[in-house]
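Hi there,

Here is the structure I promised to pass on to you. Have a look at it first, and then read my notes below.

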Amino acid sequence: MLSFSHSHTHTASRNHVASNWQTYSGMQDQYKQDNVQRSSVKNIITHPDYNQMTYDYDIALLELSQPLEFTNTIHPICLPARSHLFPAGMSCWVTGWGTLREGGAIARLLQKAEVKIINDTVCNVVTEGQVTSRMLCSGFLSGGVDACQGDSGGPLVCFEESGMWFQAGIVSWGEGCARRNKPGVYSRVTKLRDWIRKKTGV
């Protein structure tokens with residue numbers, strides 16, 4: 001399971017311990033856990049080059065204690081090849097349990113938002129050069145739609161003409177939520193694909 005490093009490398013020692021974490025797969029309402037698969041985490045693998053100042057290499061792998069059973073609400077996502085392209089302007093979806101607006105309350109229901117991949121040059125300009133090749137921007141320069149606090153580690157997924165969903169990114173950081181000229185910044189899965197394969201064999 002893909003996640004982000006900046007939670008699991010936090011100074012609080014409990015965040016480093018796999019047994020302190022559980023995953024809830026198939027959950028759409030935090031108050032209803034029917035048909036939800038709860039799994040303990042066996043191992044957390046964070047990227048050795050993760051930078052706490054810049055959020056570069058912001059990725060972690062969660063190894064579950066037992067395999068998930070796929071259902072109508074629990075599906076695997078395709079991982080893109082290193083050479084896979086997600087072109088600027090492509091519509092993708094981000095999901096999460098974060099706040100419903102900047103400084104707002106945490107969502108009770110799983111949220112989804114349609115966002116667009118932003119050109120790398122534009123991304124670099126609006127973030128004032130803070131993005132690396134392991135990052136991508138997605139959202140709208142006009143603002144209004146974005147991931148928010150509490151969504152970090154969640155997936156950015158894109159549906160392709162082949163009929164398959166691919167994970168393009170992992171929610172990493174941003175300046176506020178849905179601000180004008182402040183799109184969300186995601187870890188770029190294609191640039192981290194070799195490391196994922198090395199650690200998982202997948």
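The centres of domain 1 and domain 2, taken over C-alpha atoms, lie 18 Å apart. Domain 1 covers 3-74 + 193-200 and domain 2 covers 90-191, with bounds that come from an automatic or database domain assignment. Their contact draws 17 residues from domain 1 and 19 residues from domain 2, where contact means heavy atoms within 4.5 Å.

Before you go further: this is a predicted model, in which local features need pLDDT of at least 70 and side-chain atom pairs count only at pLDDT 80 or more, while totals for chains, interfaces and linings use all residues. Residues are numbered from 1 along each chain as its sequence is written, and side-chain values use heavy atoms, leaving out hydrogens and water.

Now to helix α3, residues 193-200. Helices (H or I, at least four residues) and strands (E, at least two) are DSSP runs, numbered from the N terminus. Which residues of α3 are buried? They are R193, W195 and I196, and buried means under 20% relative accessible area, with exposed over 50% and partly exposed in between (1.4 Å probe, protein chains only). These residues sit on the same side of α3 because they cover an arc of only 160° around the axis, the arc being that of the directions from the helix axis to the C-beta atoms. The buried residues of α3 pack against β1 (2-3), β3 (37-46) and β4 (60-64). Just after α3, G201 has a positive phi of about 80°.

Strand β9 (residues 165-173) is worth a look too. A168 belongs to β9 and is buried, at 1% relative accessible area. Although A168 and P80 are 88 residues apart in sequence, their C-alpha atoms are 7.2 Å apart in space. Leaving out residues up to four places away in sequence, A168 touches F86, L136, L156, C158, S187, R188 and V189.

V171 is also found in β9, and with a relative accessibility of 6% V171 counts as buried. V171 and F4 are 167 residues apart in sequence, yet 7.7 Å apart from C-alpha to C-alpha. Beyond its neighbours within four places in sequence, V171 has contacts that include F4, V94, A147 and Y186.

Happy exploring, and write back with any questions!
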